[in-house]
Every structure is written in structure tokens, then in C-alpha cells.
Amino acid sequence: MRITGISTHVVGTPWRNLTYVRVHTDEGLTGVGETRMLGRTDALVGYLREAEAPHLRGSDPFAIEDLVRRMKYGDYGRAGEIVMSGIACVEMACWDIKGKALGVPVWQLLGGRVTDRVQAYANGWYTTERTPEAYHKAAQDVVARGYRALKIDPFGTGHYELDHERTRYAVSLIEAVRDAIGPDTELMLEMHGRFSPATAVRLARELAPFRPAWLEEPVPPENLKALKKVADKVDLPVATGERIHDRIEFRELFETQAADIIQPDLGHIGGILETRKLAATAETHYVLVAPHNVGGSVLTAASLQLAACTPNFKILEHFNDFADAEITKVVRGAPQVDPETGCFTVSDAPGLGVEFDVDAAAEFPQTQARFDLWAEGWEQRRPR
């Protein structure tokens, strides 16, 4: 079997474009991969167009390790977010092909599953008015749908500092959410890399009474010493890693012991096997894995293949029950959260267990999507 080419399909919404890549073979099997780029969709599509002839056409889709190595290093220039995201889409699609050809799910090819259920946490649910009352109602709706965990960034447009008035307002939002969800639902606290270490530590202490499950990206991701400064001063698990695009770059994070939970995005870090290797390294440092997952149903399905065979997998993020829920129709067999358990059930279907619907995707053409975390009302994810 050989790869004959690829096709790309961009599914657009007002705040995000999702890029799907189909890898075609001379035996008629097709696999699919997905990523979500922030403002770089055209660059990704351009890279894939350039990579197709030298790296993809004529390659064996079963030789995934070799294909990834050639795409990452064969052009000599250092691979960054765009290249690693392109690799991820192709890599997922090749696993999909391999699983379909052999009649087994991808997790079976990666050592077999260690769980048949994967806990989900909700994100994208607080797209309402930014008031305690509105957040209280929205959080109740999340729990009513069966979720046992949810995440929120209550800090508005905070950057480096947050004054007393805005701090008290953020606290009031979290207080309302905790009241709505009760004591047993996990509440993840997202900071989006907004703050200085001193501000992050102060806010963590202010919000500690509401028992956050973790403190996510408290400081900008470029300075791991700053992250360690926060980790050393708070009594909450620290999570980070969605903006690291090469597993090798996690080495310093492990060495400093600055994070308790890593959050690689399968769609940015080279795909399923690259993330599985990273998870194995994390396990040797007693670090849990909770992937960043703001894509659609293919990326969710790929993340679940990883979850099934990874002993130190904690929980999986899920947007698609709340923000842009209608895009799930572009994928047949889209993973769903069981409202009885708050978990995904691991699929036994071959490959990734999903099929991309080209005709349905055509109903969502690419947009000039814009997502600005520093703009008023960013959390509502509405067109500007």
C-alpha cells in the first residue's frame, strides 16, 4: 500500500477554523486527521501542499515512524507549530488507515487498552453574559448534561496584573460556579498564561477555598523558571503544555518538576505516537496527561485512542457539546459523553473509529476566524 496524495478540508466557524486532512492510498483506503490552528490555517494548508510531493506521495502509510521523522527533519529547518501540526494531521490519518487495514482500533496497535472509559471535562460552556447569575445557570446546565468536571477562565482581559476590583469580580464568578456544581464536580482554573508569578500566586490563594482541580498555565509559557516559582508557592496541581509543539521541549519541564499535569495537543505536537512517547516520559516523572483538545470530533477520537492505552491519562477536554455543537455532523461516529457517567466510551471500531463527511463539511466554509484572549467578551466566542 502506498500514499497517492492528500486532500485538505477547512471547516469554519466564527471563532475557529478546523483543518481536516485525508490521506489517500492506492488500495482505496482513506484515513483522516485534524487540527485547529489559531490564525495560521492558510499557512498550514500551504505547508501540506509543499510537503505532499517530497514526503507523502509514494510513502508507506504503515511506516509512520519513518514518515514523521522525514517530515520533521528532512527539510532541515527546525519544525515549529505549523510543521508539527501538519505532521500531526498526516500521522493521525496514517494510524486511521493502518487500523482500518488490520481491522483493529488504533489503541490496539499501541499496546492495548488500560481503560474502556475516559472522563471528560467541559469547556466552551461559559459563552453567556459575564455575570455570577449567568455563570451559575450555565454551570448547572453543564452538570445536567452529565459532566463531572468543567473548566473556566474567569479573569476577563487580565494581563500580568489584576486589580482588586477585577479580582473580587473573578472570585464572585468562581463562587457562583462552585455553588452551581456542588462540592463533588471538578473545577479546573484556566489562566491562559496571563499573569506574572506574583499575581498568579495571589489569585491561586484567593481562589483556593473553591478547591480548583488544577491551575492551568498561570504564567506565559516561555519561561519555565517563572512557572516553577508559581508551583513552589501554591498548594494546587499545576497544568501546562498546550503551546509546546515538540515533545523534546518538555524535557526542561520535567527536569524542573514545575508541572503536575501536562497538556499536549495531539494536533500540534506531531500526532498520536509522539504524544504516546511523551506520556511515557511523563509517567517516569509521576506526571499525569490531560490533552488540550479544542478541535472537532476527529481530534477528540484521536485523543481517545491515546487515552485508552495510557496508564497516566487523567481526563480529556471537550468543547463540542457547547461551542459550535453543530460541527459534530461533519464526522460520522463522533465521540459522545455518556450523561450517566460523564465519560467517553472507548471505541472498538477500526482505526480512529470515525468517518469524515466531505459533503457535510462543505456546509461550513473557511472563515476569517478570530479569537483574541485580550479582547472584551472573548469568552463568548462570537463574530466580531
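## Packing of α7 and α8

In this predicted model, helix α7 (residues 197-207) and helix α8 (residues 224-231) cross in a right-handed sense, meaning that the near helix is turned clockwise from the far one by less than a right angle. Their axes, fitted to C-alpha atoms, come within 9 Å and cross at roughly 30°, so the two helices are roughly parallel, a term for angles under 35 degrees. The contact (heavy atoms within 4.5 Å) joins P197, A200 and V201 of α7 to A226, K229 and V230 of α8. By class, these residues comprise five nonpolar, no polar and one charged.

## Packing of α5 and α6

Helix α5 (residues 132-144) packs on helix α6 (residues 164-181) at an angle of about 35°, with the axes 8 Å apart, and this crossing is also right-handed. On the α5 side the contact involves P132, Y135, H136, A139, Q140 and V143, and on the α6 side Y169, S172, L173, A176, V177, D179, A180 and I181. The contact of α5 with α6 contains 10 nonpolar, three polar and one charged residues.

## Surroundings of D324

Leaving aside residues up to four places away in sequence, D324 touches T13, W15 and R16.

## Basis of the values

Residues are numbered from 1 along each chain as its sequence is written, and side-chain values use heavy atoms, without hydrogens or water. As the model is predicted, local features need pLDDT of at least 70 and side-chain atom pairs count only at pLDDT 80 or more, whereas totals for chains, interfaces and linings use all residues.

Notes:
Axes fitted to C-alpha atoms, helices over the stretch in contact; angles between N-to-C directions. Helix = DSSP H or I, 4+ residues; strand = E, 2+ residues; numbered from the N terminus. Parallel < 35°, antiparallel > 145°, perpendicular 65-115°, else oblique. Nonpolar A, V, L, I, M, F, W, Y, C, P; charged D, E, K, R; others polar.
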